Amino acid sequence: MSELELSIVIPALDEERTIAHCVGKALKAISTLKTSGEVVVADNGSADRTREVATAAGARVVAIEGRGYGKTLRGGFTTAKGRFLVMADADGSYDFEECVPYVEKLRAGFDLVVGNRFQGVISPGAMPFLHRYLGTPVLTVVMNLLFGTGLGDTNCGMRALRRDAFERMGLKADGMEFATEMLVKASLVGLKIAEVPCNLYKDLRDRPPHLRTWRDGWRHLRFMLLFSPLGTFFFPGTFCATLGGAGLLGLTVRDVLAPGTADWLASRHMLTALLFWLVGIGALGLGIVAQEADYQERYDARNRLIVFLHKTFSLEKGLILGTALILLGVALLAYLPISYYGRVLPLGPDALRLDGAVLAIASVLTGVQCVFVSFALGLFYHRVK
Ligand SMILES: Nc1nc2c(ncn2[C@@H]2O[C@H](COP(=O)(O)OP(=O)(O)O)[C@@H](O)[C@H]2O)c(=O)[nH]1
Ligand SMILES: [Mg+2]
């Protein structure tokens, strides 16, 4: 049981110049809020006097083993005694006194409150050009496309969250991508998220930040892609499979019913359609498996595809469907030379035989994919039962 309402957690690595300033502001916020609270400084092996300075300023210092922003914050949250948690950097770039509206949002019933620096004032020199005009906007757009958070600044370091929400998310990332992981999982477990304007100040330290622009930017992006089977597999997979499938069927039907129409589209374009179809079903098959893997980690319990699969899928059904498609393709492949040399049921002009061959290959490969995906899915299902 938490005994306090609020824990303000500050991750710190070699921040002796700025930590007292931050702790002082955080203590002031607690008194402004007239609440029971504590300031926790999570230190992961600072080589300077961060720990002594933080303790002298009135913080409870916890030592975290191992490096990384995520690891440090998570460690701090785990030892925190408050029902509500507030986090922000130790370098003076956020003003802890400004966390008051965040806590008020939590009191009003939100689970997670995220700052938006583009709605606040960004002091000159506080945010590097690349972060301001490329990194943060791009990452924010991708986040909203894939996870629909509707936030305006997904990299803001000042946030507040309920302790039980923190526990529900089961956060694991060690590095700076922790900030992204929190929003991804918040959306997957369905937290109530609020946004408040946030000011960003020039940090008060005399050395470069720990964050490395390209490495950490990629880690944020990578995280979102990994946790969005919809974005990485289903969008491109559906696009390619639809285009390819329409091409395969459209060209065949055209060659049967109305040979010669739209003749800029020749029968050899069946091969391009086949390429799209195979890329598409490859991505969709892997996407289903990835979605199931996400579900097993309990990140995405509300996913409709998974609910549907759990009701209808069985390994045996998948194998029957796959085998049927393979047999259909093989039968068509076997029929092609018969139709060419024999007199029985001739298939018609060359174009149609090419269409037939490509369709047969598509059918066999779709069947094979179906068999393998069923086995991969079956693996998950048998673990559940
Ligand atoms: N990258 C990193 N940051 C840490 C670590 N431990 C604590 N931090 C703190 O995380 C906060 C954010 O780091 P900072 O270098 O200011 O990154 P930026 O402001 O996002 O460019 C600071 O308060 C750091 O002291 C760590 O192991 N790695
Ligand atoms: Mg900073």
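**Group meeting: a walk through the model, starting at the ligand**

Okay, let's start at ligand 1: it has 18 residues around it, and those that come nearest are Leu 13, Ala 90, Pro 209, His 210 and Leu 211. "Around" here means that a residue's C-beta atom, placed from the backbone, lies within 6 Å of the molecule. By class, that shell holds eight nonpolar, six polar and four charged residues. For the classes, Ala, Val, Leu, Ile, Met, Phe, Trp, Tyr, Cys and Pro count as nonpolar, Asp, Glu, Lys and Arg as charged, and the others, Gly among them, as polar. Strand E1 (4–12) and helix H3 (69–79) each give the shell at least two residues.

Before going on, a word on what we're looking at. This is a predicted model, where local features need pLDDT of at least 70 and side-chain atom pairs count only at pLDDT 80 or more, while totals for chains, interfaces and linings use all residues. Residues are numbered from 1 along each chain as its sequence is written, and chains are lettered from A and ligands numbered from 1 in the order in which they are written.

Now the overall build. The protein has 13 helices and seven strands; these are DSSP runs, H or I of at least four residues for helices and E of at least two for strands, numbered from the N terminus. Its C-alpha atoms fill a box of roughly 95 × 50 × 40 Å along the principal axes. The radius of gyration is 28 Å, whereas a compact globule of 385 residues would be near 21 Å. That radius is taken over C-alpha atoms, and the globule rule is 2.2 Å times the number of residues to the power 0.38.

Then there's helix H12, residues 315–341. How far apart are its end C-alpha atoms? They are 40 Å apart, which agrees with the 39 Å that 27 residues should span at 1.5 Å a residue. (The expected span is 1.5 Å times one less than the number of residues.) The buried residues of H12 are Gly 322, Leu 325 and Gly 329. Buried means 20 or more other C-beta atoms within 10 Å of a residue's own, exposed means 12 or fewer, and partly exposed is in between, with C-beta atoms placed from the backbone.

On to the inside. The largest nonpolar core has 69 residues, and Ile 8, Val 41, Leu 85 and Val 86 are among those with the most contacts inside it. Helix H7 (residues 178–189) gives this core its largest share, seven residues. Apart from it lies another core of 14 residues, including Phe 233 and Trp 277. A core here is a set of buried Ala, Val, Leu, Ile, Met, Phe, Trp, Tyr and Cys residues joined through C-beta atoms within 7 Å.

Let's zoom in on Leu 85, in strand E4 (residues 82–87). Leu 85 counts as buried because 25 other C-beta atoms lie within 10 Å. Leu 85 and Ile 8 are 77 residues apart in sequence, yet 5.8 Å apart in space, C-alpha to C-alpha.

Last stop, two loop residues. Lys 34, between helix H1 (19–32) and strand E2 (37–43), has a positive phi near 50°. Is Lys 34 buried or exposed? Exposed, because Lys 34 has 8 C-beta neighbours inside 10 Å. Ala 262 sits in the loop between helix H9 (229–257) and helix H10 (269–296), with phi near 45°, again positive. Ala 262 is exposed too, with 10 other C-beta atoms within 10 Å. Why point these out? Because most residues other than glycine have a negative phi.
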